[in-house]
Amino acid sequence: MDNDDYKIHFDSPNKVIISGVLRLQSPNIYDDLFAPIRDTISQGQSMTMDIQNVSFLNSSGITALARLIIVARTHDAPFFIIGKEEIPWQKKSIVSLKRLWPKLEITLT
Amino acid sequence: MIQSDTIHGIYGTEAAAPPKSQPMHLSMLPCDLKRHWGRCGITANFLATSTEIPSPAAASIISTVINEILENSVKYSAIDTKPIDVELSIRNNTVECEVKNWARLEDATIIDSYFKIIHDKDIEDLYFLQLEKTATDSNNASQIGLLGVMHDYPVTLGCRIQTTADPITPFQISVKAKIYLNEVTP
């Protein structure tokens with residue numbers, strides 16, 4: 001799934017690599033975009049989201065990400081997020097999402 | 001009931017340190033931003049990189065903050081053809097961004113209630129309560145934009161709601177963010 005601003009590439013059914021700028025208008029637009037991720041974790045399968053090259057994610061995107069974490073929490077699906085420490089929003093916003101589900105694995109490179 | 005001039009947060013409390021340079025002003029129509037949503041981010045990036053910002057990390061945070069308050073103002077603009085005005089000024093170790101939009105009573109009431117809550121309660125608890133709430137329902141409004149800005153960054157916010165003579169948009173909402181550059185880690 002590509003756009004001028006972002007790219008979403010499934011490396012495997014359990015790993016997605018997202019890059020670019022995601023500042024979409026509402027959480028529900030992100031929900032459509034993230035539907036394949038949600039389907040995988042809804043089956044209790046693991047998911048790795050590599051967002052190291054996402055330079056911006058707005059609050060609607062944070063909400064959509066929180067929704068995925070809640071789904072993973074509900075189905076106890078191992079959920080890994082790989083980010084980059086030097087990108088300010090990742091260092092600030094992603095790390096605090098662990099409070100939603102302490103089993104969420106976050107790696108900042 | 002909203003008073004004729006209601007203020008929350010940093011409005012009315014700020015020291016009048018002069019800007020280091022002339023403030024930048026932009027004026028946009030909500031209809032254009034709704035139709036081309038990416039222009040919110042383009043505007044935020046433009047403002048954040050057009051000033052004397054000390055580091056890429058600071059520019060990134062400034063862009064994030066401007067984008068959130070601009071997106072918020074678009075969502076609460078009542079009439080698509082009444083402009084949203086943005087002003088950015090650099091002061092001593094702070095960047096201030098103010099965004100103004102025209103609103104109906106119902107939107108002004110929502111913003112007034114929102115600012116009463118975020119200035120009365122603990123931001124840490126409030127942020128996660130709201131995040132959990134919006135993450136577990138299908139609401140199409142995240143309601144965490146301004147909360148997230150306060151939670152994640154060295155930012156204080158304020159809001160001013162003024163009555164106008166226009167019967168269709170009887171309120172003008174101003175939201176101001178003050179970003180503390182000396183607290184932005186590289």
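Helices (H or I, at least four residues) and strands (E, at least two) in these legends are DSSP runs, numbered from the N terminus. Two strands pair if DSSP finds at least two bridges between them. The model is predicted: local features need pLDDT of at least 70, side-chain atom pairs count only at pLDDT 80 or more, and totals for chains, interfaces and linings use all residues. Residues are numbered from 1 along each chain as its sequence is written, chains are lettered from A and ligands numbered from 1 in the order in which they are written, and side-chain values use heavy atoms, with hydrogens and water left out.

**View 1. Strand S5 of chain B pairs with S1(B) and with S6(B).** Strand S6 (171-180) and strand S5 (155-163) of chain B run antiparallel, joined by nine bridges. Within this pairing, Thr156(B) stands opposite Lys178(B) of S6(B). Strand S1 (residues 5-9) of chain B is also antiparallel to S5(B), over five bridges. Here Gly9(B) has Gly158(B) in S5(B) as its bridge partner.

**View 2. The interface of chain A and chain B.** Contact (heavy atoms within 4.5 Å) involves 36 residues of chain B and 25 residues of chain A. The buried area is about 2,500 Å², with 49% from carbon and sulfur atoms. This area is the accessible area (1.4 Å probe) that two parts lose on being put together, summed over both. The rule finds 13 residue pairs in polar contact across the interface, both residues at pLDDT 80 or more. A polar contact is a pair of N or O atoms within 3.5 Å; within protein, one must be able to donate a hydrogen and the other to accept it, and residues adjacent in sequence count only if both atoms are side-chain atoms. On chain B, helices H2 (38-49), H3 (56-75), H5 (123-136) and H6 (145-152) each supply at least two residues of the side that touches chain A. That side has twelve nonpolar, 15 polar and nine charged residues. Ala, Val, Leu, Ile, Met, Phe, Trp, Tyr, Cys and Pro count as nonpolar; Asp, Glu, Lys and Arg count as charged; the others, Gly among them, count as polar.

**View 3. Salt bridges between the chains.** A salt bridge is a side-chain nitrogen of Lys or Arg within 4 Å of a carboxyl oxygen of Asp or Glu. The rule finds three across the interface of chain B and chain A. One joins the side chains of Arg73(A) and Glu132(B), at 2.6 Å, N to O. The side chains of Glu124(B) and Arg99(A) also meet in a salt bridge, at 3.2 Å, N to O. Glu124(B) lies in helix H5 of chain B and Arg99(A) in the loop between H4 and strand S5 (105-108) of chain A, so the pair joins two chains. Buried means under 20% relative accessible area, exposed over 50%, and partly exposed in between (1.4 Å probe, protein chains only). Glu124(B) is partly exposed at 36%. Arg99(A) is partly exposed at 43%.

**View 4. Salt bridges within chain B.** The search of the whole structure finds 13 salt bridges over all chains. Arg35(B) and Asp32(B) meet at 3.8 Å, N to O. These two residues are three apart in helix H1 (residues 30-35) of chain B, about one helical turn. Arg35(B) is exposed at 59% relative accessibility, and Asp32(B) is partly exposed at 26%. Lys82(B) and Asp166(B) form a salt bridge at 2.5 Å, N to O. This pair links distant parts of the chain, 84 residues apart. Lys82(B) is in the loop between H3 and strand S3 (84-91), and Asp166(B) is in the loop between S5 and S6. Salt bridges that share partners join Arg91(B), Glu96(B), Lys176(B) and Lys178(B) into one network.

**View 5. Helix H6 of chain B is mostly covered.** Eight of its eight residues are buried. Among them are Leu146(B), Leu147(B), Val149(B), Met150(B) and His151(B). Their cover includes helices H3 (59-75) and H4 (88-96) of chain A. It also includes H3, H4 (105-120), H5 and S5 of chain B.

**View 6. Val99(B) in strand S4 (residues 94-103) of chain B.** Val99(B) is buried, at 1% relative accessibility. Residues that Val99(B) touches include Ile69(B), Leu70(B), Ile84(B), Val86(B), Ile173(B) and Val175(B). Cys159(B) is 60 residues from Val99(B) in sequence and 9.7 Å away, C-alpha to C-alpha.

Terms used. Lists of a residue's contacts leave out its neighbours within four places in sequence.
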